[in-house]
Amino acid sequence: QVRLVESGGGLVQPGGSLRLSCATSGFTFDYYAIGWFRQAPGKEREGVSCISRDGSTPYYADSVRGRFTISRDNAKDTVYLHMNSLKPEDTAVYYCARAPSYLKYTSWGSLESQDYDDWGQGTQVTVSS
């Protein structure tokens, strides 16, 4: 059974940091790129970051580039999203998802939700003073 489980969300003050984790199981982890998406109330889901299946290439939305860092540990089947300099507009439910990429070049990645086939349940991040 495919599982993606997010953790690490919470309440943080503006300028603070959080580290989100996406623990996976039930599939061959290094066949897939892993992405982070977020959805705020009343807004569309937004691609935040993605890391290629070989871990060599990160992708970031302009809104988070320079503040967020994505990484993956293929030995633990886990992806991390380090979020620094958090802003109130980062408040959202954050989801991780997997994108099949075993037929693509190893550094492939995407921030488009239609490229992803399985999703976690999400973790809430609230940035507020």
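Predicted model: local features only at pLDDT ≥ 70, side-chain atom pairs only at ≥ 80, totals over all residues.

User: How many helices and strands does the protein have?

Analyst: There are zero helices and 11 strands. Helices are DSSP runs of H or I with at least four residues, and strands are runs of E with at least two, numbered from the N terminus.

User: What makes the protein as compact as a globular protein of that length?

Analyst: The radius of gyration, taken over C-alpha atoms, is compared with the globule rule, 2.2 Å times the number of residues to the power 0.38. The protein has a value of 14 Å, close to the 14 Å given by the rule for 129 residues, so the description applies.

User: Why is Thr 123 called buried?

Analyst: Buried means under 20% relative accessible area, exposed over 50%, and partly exposed in between (1.4 Å probe, protein chains only). Thr 123 has 12% relative accessibility and therefore counts as buried. Buried residues make up 43% of the 129 residues.

User: Where does Thr 123 lie, and which residues does Thr 123 touch?

Analyst: Thr 123 lies in strand β11, residues 123-127. Contact means heavy atoms within 4.5 Å; not counting residues up to four places away in sequence, Thr 123 touches several residues, including Glu 6, Leu 20 and Tyr 94.

How values were computed: Residues numbered from 1 in each chain as written. Heavy atoms only, no water.
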